[in-house]
Structure formats: structure tokens, C-alpha cells
Amino acid sequence: MRTDSERQQAYKTLYSSRDFISDEVFPIEMDLQTGMVRTANVPDDLTPYYGRDYYGELEAEGRRFIPLLEHFITRFREARMRMLLQFHPAAGRVLDIGCGRAIMLGQLQARGWEAVGTEIAPELAEAAQARGIDVFVQPDLQDCGFEAGSFDAVTMWHTLEHIANPTETLAEVFRILKPGGILLVEVPNLDSWQAATTRGEWFHLDVPRHYWHYGTRTLLRALSAQGFEVVHTRTFSLEYGFYGYFQSLLNLFTISPNFLYSLLRRRYAAVTSRPLPALWDVAITVLLMPVMLPLSVVLEGAAVIFFRRGSVIRVVVRKP
């Protein structure tokens with residue numbers, strides 16, 4: 001075990017970020033040997049940092065956003081499905097790790113795929129199971145008991161950063177994929193302009209639920225170390241890019257982190273529990289929106305088009 005002195009030499013604190021649920025502050029640290037960036041001081045039990053305060057008020061079929069956004073979420077899941085079909089057109093057996101309500105899995109199932117998911121939130125898993133989708137409620141992929149070479153495709157949409165032991169999980173994904181099978185991973189991009197310009201206020205840090213924070217090089221290195229061959233990389237996300245920049249910029253001025261996002265997820269009681277800060281956050285959000293929205297579109301567009309430093313990293317890899 002490292003002494004405090006050795007630990008200080010091994011890691012460099014980049015900045016700190018505040019959890020929008022608990023209001024606790026967590027350091028963001030870089031391992032000076034590997035370049036990996038992690039959230040420090042993550043509690044052993046993260047249960048209090050999820051639950052209703054994180055997922056919001058769930059309605060029928062696990063819906064948690066305002067109705068207009070729910071419509072867009074369905075369209076975004078269709079885009080995820082099309083991305084998968086681009087690299088594996090033939091129907092097969094697919095596993096979505098951290099599947100949530102399994103909207104994408106339902107869409108694939110309707111196209112003849114055998115759809116399987118994993119999810120740590122029982123409420124979301126039950127909503128998916130009620131629609132006839134096989135979902136395992138397990139925190140660790142290794143505990144699901146899947147046979148070697150039993151999947152044609154595996155997807156991890158904004159899941160890998162939530163996993164404390166990514167090396168073991170990626171090794172298990174490699175084991176359960178068929179030869180020639182594909183893995184599609186998307187994570188927030190620590191190398192993005194969003195992260196660089198807003199630092200500890202970056203929307204996609206989501207401490208302490210995100211154990212790890214990946215840049216393109218660290219993600220590709222982690223995948224290659226398990227034997228995967230890189231097929232495709234991309235840093236543009238219509239779903240997360242423009243809004244992520246907008247929310248991150250707002251976080252520089254609001255008292256409560258992710259104030260607007262909390263409203264969109266219908267966390268009304270949480271954001272209005274302190275009336276005066278809530279009034280300030282409403283006023284500053286309304287005042288800055290006409291400026292911040294177009295600015296976010298310009299900045300994210302430039303980051304993607306000219307520098308490949310958009311808000312996410314999407315990687316498609318193949319098992320040889």
C-alpha cells in the first residue's frame with residue numbers, strides 16, 4: 001500500500017468537481033505513470049449517489065424526462081441502433097451493458113436480434129423486462145455467467161466510466177464476444193474543448209459516479225491492451241455535444257451544478273429546496289440562454305470539425 005507521500009508523487013490533482021446531488025466535492029486526479037484520470041475518494045458504496053435523486057421521478061416504462069425530451073431520446077436510441085447496424089448489419093445476439101430502459105435493445109429485438117442487457121437500477125431493469133427484454137441486474141459483468149463467444153455485438157453507451165474495474169470488464173467482454181464480433185463504446189471525452197474550458201464544472205464529469213475519465217489515447221490504449229482491433233473512432237454526438245457545452249457553461253454561473261438538467265429530469269423538489277439559490281439559478285439561466293445556446297453550438301462544432309475534440313469518444317473495435 002502506498003504511503004501518503006508516495007500517493008502524492010504518483011497522482012497529480014487536476015481540479016475538483018462538485019456532485020450535483022450530494023453537493024460533495026471530489027478531486028480529479030491523473031496517474032502520472034499511465035496518464036489515466038480518475039475521481040479520487042470515491043466511497044465504497046455508491047448506492048446513495050444513485051437512486052431517485054439521480055434517476056429522477058420515473059413514470060410508466062421508466063420515463064424520467066419531460067415529454068418533449070422523451071421523444072428525442074427515442075430518436076437518439078434509433079441513431080445508436082443505426083450505428084451498430086452500420087458495423088454489424090446481420091441480426092445476431094447483442095448485449096448492452098448498462099442498458100437503462102433498453103430502448104435500443106427493444107428496437108433491435110424488433111429487427112430480429114436476440115437482445116440482452118445488464119442494468120444496476122432495478123426499476124429500469126423491471127421496465128425493460130416488462131417489455132420482454134432479458135436484463136440482468138448485476139453490478140459486475142463477470143457475475144452474469146455468459147458463455148465464451150456467445151455474443152455477436154456488445155455495446156457500452158456511457159457505461160465504462162461508471163465501472164470501477166474497467167480492465168476486468170473489458171477482458172470479460174473480449175471473452176464473451178465471438179471472433180469477429182464488435183464492441184461499441186462511447187464515453188465522455190476528457191480531451192474535449194468542453195472539459196478544457198470548463199474543467200471542474202464540466203457537465204460530463206458526474207462525480208463520484210464516474211470513476212474514470214477517458215481521453216482518446218487512454219481509451220484506445222485500454223481497448224488495445226485486451227486484444228481489440230480499432231475499426232472506427234468519432235468525437236461528435238448530437239445527443240450529448242451541444243447540450244453538454246451549454247450546461248457546462250451555465251455551471252460557471254449557477255449556484256447549483258446542473259440546475260437546468262435537474263429541472264429537465266423533473267428533480268423539482270431537490271432544486272427548489274433552497275428558494276433563494278433557485279431563484280438566482282432560474283434568473284441566470286433565462287438571462288444567459290440566448291447567448292450560451294448559440295455559443296455552445298459554435299464551440300462544439302468547431303471542436304469536432306477542426307480538432308476532433310468533441311464532447312464524447314465513440315469507438316468501434318473488433319475481436320480478431
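What volume does the largest cavity have?

Tutor: The largest cavity has a volume of about 90 Å³. A word on the source: this is a predicted model, where local features need pLDDT of at least 70, side-chain atom pairs count only at pLDDT 80 or more, and totals for chains, interfaces and linings use all residues. Residues are numbered from 1 along each chain as its sequence is written, and side-chain values use heavy atoms, with hydrogens and water left out.

Now the terms. On a 1 Å grid over the protein atoms alone, a cavity is a set of points where a 1.4 Å probe fits but cannot get out. Lining residues have an atom within 4 Å of a point. Grid points are joined across faces, edges and corners, and the volume is the space filled by probe spheres set on the points. By this rule there are 2 cavities of 30 Å³ or more.

Start with the largest cavity. Its lining has 15 residues, and the closest to the centre are Ser17, Arg18, Trp202, Pro257 and Asn258. By class, this lining holds 6 nonpolar, 4 polar and 5 charged residues. Here Ala, Val, Leu, Ile, Met, Phe, Trp, Tyr, Cys and Pro count as nonpolar, Asp, Glu, Lys and Arg as charged, and the others, Gly among them, as polar.

The second largest cavity holds about 40 Å³ of space. Its lining is Glu161, Pro188, Leu190, Trp202, His204, His210, Trp212, His213 and Tyr214. That lining splits into 5 nonpolar, 3 polar and 1 charged residues. Note Trp202: it is one of the residues closest to the centre of the largest cavity, and Trp202 also lines the second largest cavity.

Next, the charged pairs. A salt bridge is a side-chain nitrogen of Lys or Arg within 4 Å of a carboxyl oxygen of Asp or Glu. The count comes to 11 salt bridges. One of them joins Arg209 to Asp19, with the closest N and O atoms 2.6 Å apart. Arg209 lies in the loop between helix H7 (193–198) and strand E9 (212–213), and Asp19 in the loop between strand E1 (11–18) and strand E2 (25–31), so this pair ties together parts that are 190 residues apart in sequence. Helices (H or I, at least four residues) and strands (E, at least two) are DSSP runs, numbered from the N terminus.

Are these two partners buried or exposed? Arg209 counts as buried, at 0% relative accessibility. Asp19 is buried too, at 0%. Buried means under 20% relative accessible area, exposed over 50%, and partly exposed in between (1.4 Å probe, protein chains only). The pair also belongs to a network of salt bridges that links Asp19, Asp206 and Arg209.

Another salt bridge runs from Glu239 to Arg80, with the closest N and O atoms 3.4 Å apart. Glu239 sits in the loop between strand E10 (229–234) and helix H9 (241–251), and Arg80 in helix H3 (residues 67–87), so the pair ties together parts that are 159 residues apart in sequence. Glu239 is buried, with a relative accessible area of 18%. Arg80 is buried as well, at 9%.

Conventions. 1 Å grid on protein atoms, 1.4 Å probe; cavity = no way out; pocket = protein on both sides within 12 Å on 5 of 7 lines; lining within 4 Å.
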